[in-house]
Amino acid sequence: MDISRKINIIFAAGLITMATIAWGLSSHYLTQAKTEEIQSIRHLLIEEREKQALNLVENAFSVVRTADFYETARNAIRGMKYGPGGKHYFFVLDVDGMFWVHPTKPELEETVAMDLQDASGKEFIREIIEIAQKDGEGSLLYTEKEDETNQVVSKKGHFKLYKDWGWILCTGIPVDDIETIATAKESAIEAGFHSHMRQFVMYLVGFGLFMALFSRLLVWWKIVKPIRRATAMMQEIAQGEADLTKRLKVESSDEIGQWAMSFNAFVENTQAMIREIMAHARSLQTASGEMRVVSNSLAAGTDQTFTETHWVTNSVNDMNINLSDAAISLNQTTHTVRQIAISSAEMNKSLESIEEKTEQALAITQNAVVRAVDASEKILNLGHMAAIIGEINEAIAEITDQVNLLSINAAIEAAKAGEAGKGFQVVAREMKGLSAQTAEASRHIKAQIKQIRDTSHQAIDEVENITKVIHNIDGYVQDIARATREQAKHTNSITRDIRETSLTLDHVNDNVASCSQSTSLIVRKISEVNTTAGDMAQGNQNLIANAAMLTSMADQLQTMVFRFKTGEEGLPRHAAMH
């Protein structure tokens, strides 16, 4: 049941209640008016009978006053009868209660009947005498039984004192017919009452129909129509496709008008809120697109870092293998020099053997020079790779700073978005944590690269020393070849030089072993860098997935809010950053 029917039912109930009250009040007042009119008729009839009795008593009083003797007056009064058939009469008594004239009961004449009672037991003779002596005249209601019909009739008696003789002239006019006349009048009044009531009912029904029609139109125009307009707008808002630029027309200052103004204020606030949500949705979509771009860039940098560190690892492994070969060669050289030292004692015995050994030593030293130069170049390349890794690490640090800044901005935008930005706020925290881990790993890599570069510089210096030593050895071997013929003369000098060479080779062998250990350490650190780069790549993949999810959420949010018409539909709905 809609509100118009409810209001009409309430109004109809009010009209019915008012009609019932009006009917009751009208019935009461008409009944009261009818009763008062009947009583007024009775009163008028009694007054008429009293006037009639008064006139009759005055006529009889004139007769008595003009009579010369008592008997003349008595006879005249006996003959004065009136009414239908001469049924009504006059009677005379004195102040002592003695009857002088009584046409219907002559036996009472000249007898004292002070205690005479009427048909109801009322001592009306005594009351008549008392009133007459006091006021001179008066009236009295009493009853009398008729002789012919033996019926008790009520009479309105009037009397007057004739002081000269002490007579009281009395007559009684029947008043029972007054009730008959009043009943007849009451029937006529009752008929008029019903006629008035029918007219009142007709007027009341007509007025009620008019008021019902008028109230329905008024309720429809002033209440139902504004409420239905507001209901239609609320239904549109509830369905999510409302035109928030529309407003209810305020046509009055009553409660409906105030309600319409409040509803307009609600729609206006909703419009402002939807506009703000639209702006945040656009910002969220733009930020998510930028985050995806940065994530893709970071993923590409991480993949490149992983590839280059893997290449550096292989290079360092190759260098380590070469250093191992150089160590083996140095060990062989040391062993050879030692053999030379042993053979130097026998050099005088076999110059040919010395010459052969010298040629072998020369070949070995030349090979050592080549390997030392190769090792120096590889270690130099290792330094260059470490520098490149350092530059990559700096790029990763810059990207990490950008990600951290982006996560802070994302957290701020998520806080602005309120409930809708909780999911994005979680992603922002994960980005911030990942950027912190990346920054920590970057600092660790930077420290390890610095150590690699320092170690590489040291290795280069050592290799250069080895190269110099090997060049010296080569010179020594050449000198040995040139001095083979003079070996016999210089056996002691050669033995001493070979001993020094053996010591130098031991020192070089130790340095090569240390360099091999350093390259092994570099390999382990680069492996750790590879592991960190892999973790960063996995984190970037998660970041890209979360950015895509965030972009999808921003698209859904824009789709929802753009279902409302706010007057800003001309703005672009998508940031076009995917």
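I call a residue buried under 20% relative accessible area, exposed over 50% and partly exposed in between, with a 1.4 Å probe and protein chains only. My notes follow a predicted model, where local features need pLDDT of at least 70, side-chain atom pairs count only at pLDDT 80 or more, and totals for chains, interfaces and linings use all residues. Residues are numbered from 1 along each chain as its sequence is written, and side-chain values use heavy atoms, leaving out hydrogens and water.

**Entry: rings**

I searched the whole structure and got 10 aromatic pairs. Rings of Phe, Tyr and Trp (its six-membered ring) pair if their centres lie within 6.5 Å; planes under 30 degrees apart are stacked, over 60 edge-to-face, the rest tilted. Y70 and W167 make a tilted pair, because their planes meet at 35°, with centres 5.3 Å apart. I noted that Y70 lies in helix α2 (residues 70-79) and W167 in strand β5 (residues 167-174), 97 residues apart; helices (H or I, at least four residues) and strands (E, at least two) are DSSP runs, numbered from the N terminus. Is W167 buried or exposed? W167 is buried, at 0% relative accessibility, whereas Y70 is partly exposed at 39%. W167 also pairs edge-to-face with W165, at 4.8 Å between centres and 75° between planes.

**Entry: sheet**

Next I looked up the open sheet: five strands, antiparallel, in the order β2-β1-β5-β4-β3. Two strands pair if DSSP finds at least two bridges between them. The edges are β2 (99-101) and β3 (137-145), each with a single partner strand, so one side of each has no neighbour in the sheet. I found two bridges joining β1 (residues 90-94) to β2, and L93 stands opposite F99 in β2.
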